[in-house]
Amino acid sequence: MSLPVASVQLYTLAKEFTSDPSGSLDKLAAIGLKNVEAFDFVRRPAEIRAALDASGLASPTGHAPLLSDELWTPDGSIPTPAPEVVFAAAAEIGITTVIDPFVAADRWLTEDGVADIADRLNKAAEVAAAFGLKVGYHNHAQEFLASFDGQTAYERFVARTDERVAIELDLFWALTGGQDATELVTKLGSRLIAVHVKDGIAPASNPFAPDAPAFGSETLDQQRHPGDDQVPLAAALKAGEGAIEYAVIEYDNAPGDVFADIQASYDFLVKGGFVA
């Protein structure tokens, strides 16, 4: 079976990349990475493309809001441009799959809300096709709060979306949502094109629950190098062989020096034989 290629979500090094795009990408290339997953790219496609080209890197996937008026992050919101603007920027950078990284928790709590999310992403897939692109969705833990007739909101969403809609599964957040990450990888089958690879101690309760206190990335201080804690990364990656195209390194809050942490993740993937 074919193995995925390694990548890294640029949100992991958002501060470093913002202050020194070319220098940051050069450090990623020195680690051995050939791919990144762009974040907050719509406002600066030319800058990002130039930095990628200079470092010899590509960004086959990228995160951008497609389903919300604003993209929430633990550190603030980013305004959402029109889908056509998103896809034009993605095409300029060389991104082939634009992945929506977050839809607010309250929209996952009702069947109508889930149906609306799925229908909007199906429509976005139509618009993206005109640019030669695909769309996808990346989970956190709020997608697993509600269930309908024995299906989680996430499972209902996947079933309602068109086969053209790609799935990127964040294994740490799936665990936080109470899921068996390896089993979920198997269920998703060929729909799953990417996984976010990170380890750590999952919060004791779902931080996206309606009664949960507010949190930011600085509160996620229990993330670890792959293989060091609770997330069954090896089993999940093995279960997804043949379907997963990208194993994307990410830390919401890196436990130490961010480039050393990325190196540790890359070593885990390469030495474990999980990436090509």
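Author: D149 counts as exposed because its relative accessibility is 76%; the term exposed applies over 50% relative accessible area, buried under 20% and partly exposed in between, with a 1.4 Å probe and protein chains only. The model is a predicted one, in which local features need pLDDT of at least 70 and side-chain atom pairs count only at pLDDT 80 or more, while totals for chains, interfaces and linings use all residues. Residues are numbered from 1 along each chain as its sequence is written, and side-chain values use heavy atoms, with hydrogens and water left out.

D149 lies in the loop between β8 (147–148) and β9 (151–152); strands here are DSSP runs of E with at least two residues, helices are runs of H or I with at least four, and both are numbered from the N terminus. Although D149 is not a glycine, its phi is positive, at about 55°. D40 likewise has a positive phi, near 50°, and is a residue other than glycine. D40 counts as buried because its relative accessibility is 17%.

Leaving aside neighbours within four places in sequence, F41 is in contact (heavy atoms within 4.5 Å) with residues including I48, V86, I93 and V98. In soluble globular proteins, nonpolar side chains tend to be buried together.

Strand β7 (residues 134–138) is mostly covered, with four of its five residues buried. Strand β6 (residues 97–100) pairs with β7 in the parallel sense over four bridges, where pairing requires that DSSP finds at least two bridges between the strands. Between β6 and β7 the chain passes through helix α5 (residues 111–129), and this β-α-β crossover is right-handed: with the strands pointing away from the viewer, the path from the first strand over the helix to the second runs clockwise. Within the pairing of these strands, I99 has G136 of β7 as its bridge partner. Strand β10 (residues 166–170) also runs parallel to β7, joined by three bridges, and there E168 is the bridge partner of H138.

Strand β14 (residues 246–249) directs Y246 and V248 one way and A247 and I249 the other, and all are buried. Strand β1 (residues 5–8) runs parallel to β14 over four bridges, with I249 as the bridge partner of V8. A parallel pairing of four bridges also links β11 (residues 192–197) to β14, and V195 stands opposite A247 there.

Finally, the structure holds two cavities of 30 Å³ or more. A cavity is a set of points, on a 1 Å grid over the protein atoms alone, where a 1.4 Å probe fits but cannot get out, and its lining residues have an atom within 4 Å of a point; grid points are joined across faces, edges and corners, and the volume is the space filled by probe spheres set on the points. The second largest cavity, of about 30 Å³, is lined by L3, P4, L237, E241, I244 and F274.

Key. 1 Å grid on protein atoms, 1.4 Å probe; cavity = no way out; pocket = protein on both sides within 12 Å on 5 of 7 lines; lining within 4 Å.
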